[in-house]
Structure formats: C-alpha cells, structure tokens
Amino acid sequence: MKDSRLSRALSIFATFLKIGCFTFGGGWSIVAQMQKEYVEKRHWLSDEELLDYTSVGRSTPGLMIGNASVLFGYHAAGVPGALAALFGIAIPPIVIMLLVVYIYDLVKDNLYVSRAMVGVRAAVVPIIISALLKLLKSGLKDAFCYLVAAAALALCLFTKMNNALIVLLGALAGLCWQEVQNRRDLS
Amino acid sequence: MIYLELYLSFLLIGFTSFGGMSMIPLINDQMLSHGWMTAAEVADIVAIAEMTPGPLGLNCATFAGARTAGTAGALAASLGVLTPSLTLTLLAAMFLEKFKQSRLMGDALYGIRPACIGMIFAVIVQQSMANYAGPLFGFLSWPALVIGLVSLAVLLRFKWSIPKTILLAAGLGLILCRI
C-alpha cells in the first residue's frame, strides 16, 4: 500500500509539472486540465469531487489552485501526494518567472522596451477592471456588501491601514451580519 | 534579514487573500510600505504575471522576491505564498467532509468578498494615478490614456484574452510614446 502511494505521488508530481508549464490566465485552466487527466482519462475522481476541491480551495486562504492541488493530491495519495501536487504545479512557474526577471533587468532601460512598457502599464488598469467586473456579481449581493466595499475603499484610500487587517475586519463583519440574519430568521 | 521579511510578508499576503486579483491590493500594499517597489513596478508585475504560466499570486511572489533579493528571495517569497496551502488546506483535506459543511467559513467570506472588491477599487485609483500621469494638462499622459481606453474596449467588447491585450498595448506604446 505504501509503495503504491509513493509511486502514485511520483506520477502526480510528473503530471502536475507538465500541467504547471502550460497554464495561462489563472487557476481555471489548471482545473480544466485536471478534469481531463484525472476524471476522464484515469477515473481517479468524479466531476463532483473535483468541483468540491475547487470550491473548498477557493474558500481557504491562499492560491486557489495550490489549495485544489493539495486537496486532490491528499485524496489520491495522502500527504506525499499533496506535496507532490503542490510542488509539481509550483516549480515550473517559479523557474520561468526567474528567467523573466533576469531578462526584465537586462532590457528595462532600453528605450524601445520602456516605450512598450508605458503601453503595457496603461493596460493594467483595464485588466484589473475586467477582472473586477466578474467579481462584482458574486461579491456584492445586498446593501451590507455595498457598505463593506465602500468602507474598505475608504480605509484604503484615506488611511494607512494594512490591507490584511481590512480583510480580517471584512471577515468579522460577515460573521456578525450572518449571525444577525440567522437570529432574525429564527425569531 | 531580507529573506525572512519576504517570507513573512508573502505569508501574510497568502493567509489574507483568496487567490487571483484579490491578491493585488495586498501585494501592492506590502511592496509600497516596505519600499521594495514603486507603483509602476507593481503594474509591471501584474502584466508580466498575466503573460507567464502559473497562478497570479505565485508569479507575483517570485517576481517581487527576485527583484528584491535575487533567487533566494524569490524562493522565500514563493514559499511564503504557498504556506497556507501547505498548512491550512492540508488540514482541511484531512477533515474535508466536516469542512465542506462549515458555515463559519462561508459567513466570513460573505464579508471578505466585498472588502476585497473595495480594496481592488482602491488599487485601480492608485494605479491610474501612477500609469496615466504625464504632461497633458499638467497631469495626464494622452498616449497612456488612449492605450488604456483601447485595452478596455478590446477586453470588454471584443473579449480578447489578457496576453493578447498586453501585446497590443505594448505595440501601441512603441508607436505612440516618445520619451
């Protein structure tokens, strides 16, 4: 049993290394590749289980895809599997990014590169806006949510409060608000 | 020690964010308050991270760590951002069935999501001030503004992918900007 776990972990590591090389645009493409490899081809898990991993992965802190990899790896091959999946998925992006940083430092003072970078930087705000639009629907559900969002915006712009603290305040506000709602429903 | 500082900084970012764009405000905050990067460099991170494979948060950690303290810094920062997966999520994996039914996490997220949205709005304000600054009327750069509007249009109206949009923006930058 132990042996098969280790060999499973190794096979997970190899597959996740490969997946890690070809994932652009966030975690969803990784989920799609996991679906193809492990649900359709190898039948290690069902669609429902994969969905559970992604939704739990999204609701625990950190990288959604790192979390989903750990949940899947643990399910398939225990702790070694979890480690194999996480480092398999993480190592390729780290190596590629190190190369990019090296190139970035070489070329960033080049005149043409800095002109192009002015354009690239101008595109960042639209990119953030397009991501924000997708979040609005799931994040802003009622008046309470609008209030929290406005408070967070004001705290960011007008105080020097640490953003991590703002997240914790948001969590606290969510817990209190839902508690109040539950009591109201009961009575 | 810079490596420990980087590790702790990205550990904090990891534990208080929930992946993707929700990480940008926290990374922005940490980079600027430590003086590790300027707002323009944070914009470079976002653009470069969107064009290389892997999750955004990990890309940002590697980039920021490497720019601040070389390869060892990159590893320290990356390990920091992966630590929540290695600890909390591994625990959750062991108690998956119980965790799935936990109402507490859902209740907390009900407040965290809008807080993240508010913080992202703040980043948009900050990034706009950093990236559209220039000589026009004393404070606006018209090439940057035009490129921003074109990018917004292709992203929203024509559903272009982000890497494709960034390439277009770079091309426009080469043509329009004379520094």
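1. Contacts along chain A. In this predicted model, 48% of the contacts in chain A between residues at least 6 apart in sequence join residues at least 24 apart. Two residues are in contact if their C-beta atoms, placed from the backbone, lie within 7 Å. Local features rest on a pLDDT of at least 70 and side-chain atom pairs on a pLDDT of 80 or more, while totals for chains, interfaces and linings use all residues of this predicted model. Residues are numbered from 1 along each chain as its sequence is written, and chains are lettered from A, with ligands numbered from 1, in the order in which they are written.

2. Fold and extent of chain A. The secondary structure of chain A consists of seven helices and zero strands, giving the pattern α-α-α-α-α-α-α along the sequence. The radius of gyration of chain A is 21 Å, well over the 16 Å that the globule rule gives for 187 residues, so chain A is more spread out than a compact globule. Helices (H or I, at least four residues) and strands (E, at least two) are DSSP runs, numbered from the N terminus. The radius of gyration is taken over C-alpha atoms, and the globule rule is 2.2 Å times the number of residues to the power 0.38. Taken along the principal axes, the box filled by the C-alpha atoms of chain A is roughly 65 × 55 × 25 Å.

3. Burial in chain A. Of the 187 residues of chain A, 43% count as buried. A residue is buried if 20 or more other C-beta atoms lie within 10 Å of its own, exposed if 12 or fewer, and partly exposed in between, with C-beta atoms placed from the backbone.

4. Domains of chain A. The assignment divides chain A into domain 1 (2-107), domain 2 (108-138) and domain 3 (140-187). Such bounds come from an automatic or database domain assignment. Between the C-alpha centres of domain 1 of chain A and domain 3 of chain A the distance is 32 Å.

5. Helix α5 of chain A. Helix α5 (residues 111-139) of chain A has 29 residues and reaches 42 Å from its first C-alpha to its last, close to the 42 Å expected at 1.5 Å a residue. The expected span of a helix is 1.5 Å times one less than its number of residues. A kink of about 25° in α5(A) is centred on A:Leu133; the bend at a residue is the angle between axes fitted to the seven residues ending there and the seven starting there.

6. A:His43. This residue is placed in the loop between α2 (28-41) and α3 (47-59) of chain A. The phi of A:His43 is near 55°, a positive value in a residue other than glycine. A:His43 counts as exposed because it has 8 C-beta neighbours inside 10 Å.

7. Fold of chain B. Chain B has eight helices and zero strands, in the order α-α-α-α-α-α-α-α. Its C-alpha trace spans about 55 × 40 × 30 Å along the principal axes. Buried residues account for 56% of the 179 residues in chain B. Among contacts in chain B between residues at least 6 apart in sequence, 56% join residues at least 24 apart.

8. Domains of chain B. Chain B is assigned domain 1 (2-131) and domain 2 (133-179), whose C-alpha centres lie 26 Å apart. The contact between them takes six residues from domain 1 of chain B and five residues from domain 2 of chain B. On the side of domain 1 of chain B that touches domain 2 of chain B, α3 and α6 of chain B each supply at least two residues. The residues of that side divide into four nonpolar, one polar and one charged. Here Ala, Val, Leu, Ile, Met, Phe, Trp, Tyr, Cys and Pro count as nonpolar, Asp, Glu, Lys and Arg as charged, and the others, Gly among them, as polar.

9. Helix α6 of chain B. With 29 residues, α6(B) reaches 41 Å from its first C-alpha to its last, close to the 42 Å expected at 1.5 Å a residue. In α6(B), a kink of about 25° lies at B:Tyr110, shortly before the proline B:Pro114.

10. B:Lys159. The loop between α7 and α8 of chain B contains B:Lys159. B:Lys159 has a positive phi of about 55° although it is not a glycine. B:Lys159 is exposed, with 8 other C-beta atoms within 10 Å.

11. The contact between the chains. Chain B contributes 92 residues and chain A contributes 85 residues to the contact. On the side of chain B that touches chain A, α6(B) gives the most, with 23 residues. By class, that side of chain B has 61 nonpolar, 24 polar and seven charged residues.
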